[in-house]
Amino acid sequence: MKFTVKQIATLLEGEVAGNDTLAITGLSKIEEGKPGDISFLSNLKYEPYLYTTQASAVIVDHSFQPKKPVLSALIFVENSYSAFTRLLEEYYKQLSFSRIGVEQPSYIGDGCQLGEQIYRGAFSYIGKNCQIGRNVKIYPHAYIGNNVCIGDNSIIHPGARILDNCVIGQYCVVHPNAVVGSEGFGFAPQPDGTYKTIPQLGNVILEDFVNVGSGTTIDCATMGSTYIRTGAKLDNLIQIGHNVDIGRNTVIAAQTGISGSTKIGANCVIGGQVGFAGHLIIADGTKVGAQSGVGKNVVEEGTALNCSPAFGMKESMRSLAIFRKLPALEQRLTVLEKKNKKES
């Protein structure tokens, strides 16, 4: 990345105080800024660093007024945090979408249709009859099975696996070593105590703007599709079972496990290490605290849950507060019992 302060201010719809011809070549935290960097100040507890930073430019709110002289050029914007986020997005696009072409060795099967400006890294594999959209980036050692569709501007990172018949929407990101479309966990118990494998014939559909974290596994459906809806964000090391449906703009933290056929609504927030039983329906806007276990349907939108088994957030916090006091309460109860015996 190499832009002038003025060009960045134009992008962010900001105003410059200071030298707007300085070249910006990197991004940094304000306390670590060096010449050529741009940083931002949104939390005023970091204000002292503004007067010592070596960064060439700093993004600040329109309402901010420096208390001391500042060596850096200042870019005044409506919201410095949002503006810096936008700048990070542009920087990410340059890093992620700059690669074009085919590295060797790589493999592509018969009958594939490829869009323009594709990147295929060394040792990547694309099976038969795939449809790969425009500006898709498939990094080294990624595997794309047969009959896979990948929408425009999506990124498949190194070592990721997209198995047969899966559909990846536009602007999706599948991070390293994630697996999309692995066989669902389906086994039928037999009279002799053994288990017979139930064939998993469906696929996985990621709609647009979905992120799948490293090491996350999304099982294909037994029949039909496992759905990850538009805008959903999945952290690392998540297990999603067959025929699960994750709603729009739902975010799920690491090490969560979702059993088969559970449907999680839109705009839910799921903490780390949460476990969901199978065949549940979770209402839109549900929030679940870390390490909770959800074993029944959630029917009211906006419900907040905690603990295992999960129950109301406020009730659980009160219960935990009492739980911590149990040793002291036991002592008080023992004293009262002894006192009662003496009086009686």
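This is a short tour of a predicted model, stop by stop, with something to select at each one.

**Stop 1: the ten-strand sheet**

Begin with the open sheet, which is built from 10 strands. Colour them in the order β9-β12-β15-β18-β21-β26-β29-β32-β35-β38 and you will follow parallel pairing across the sheet. At its edges are β9 (107–108) and β38 (293–294), each of which pairs on one side only.

To get your bearings, show Val179, which has Thr217 of β26 opposite.

**Stop 2: His242**

Next, select His242, which an unreviewed UniProt entry annotates as "active site". Where in the chain does His242 sit? Look in the loop between β29 (239–240) and β30 (245–246).

Is His242 buried or exposed? Its relative accessibility is 17%, and because the cut-off for buried is under 20%, His242 counts as buried.

Then bring up the surroundings. Beyond its neighbours within four places in sequence, His242 is in contact with Gly184, Phe185, Gln200, Asp219, Cys220, Ala221, Thr222, Thr226, Gly260 and Ser261. Pick out Thr222 from that group: its side chain makes a polar contact of 3.4 Å with the side chain of His242.

**Stop 3**

Move to residues 57–61, strand β6, where four of the five residues are buried.

Show Val60 and you will find Phe76 of β7 opposite.

**Stop 4: helix α3**

Finally, select residues 80–97 to display helix α3, which has 18 residues. Its first and last C-alpha atoms are 26 Å apart, close to the 26 Å expected at 1.5 Å a residue.

What caps the N-terminal end of α3? Show Asn79: one of its side-chain oxygens lies 3.1 Å from the backbone nitrogen of Tyr81.

To finish, highlight the buried residues of the helix, which are Ser80, Ala83, Phe84, Leu87, Ser96 and Phe97.

Conventions. Residues are numbered from 1 along each chain as its sequence is written. This is a predicted model: local features need pLDDT of at least 70, side-chain atom pairs count only at pLDDT 80 or more; totals for chains, interfaces and linings use all residues. Side-chain values use heavy atoms; hydrogens and water are left out. Two strands pair if DSSP finds at least two bridges between them. Helices (H or I, at least four residues) and strands (E, at least two) are DSSP runs, numbered from the N terminus. Buried means under 20% relative accessible area, exposed over 50%, partly exposed in between (1.4 Å probe, protein chains only). UniProt positions are given in the numbering used here, feature names are shortened, and annotations may be inferred rather than shown by experiment. Contact means heavy atoms within 4.5 Å. A polar contact is a pair of N or O atoms within 3.5 Å; within protein, one must be able to donate a hydrogen and the other to accept it, and residues adjacent in sequence count only if both atoms are side-chain atoms. The expected span of a helix is 1.5 Å times one less than its number of residues.
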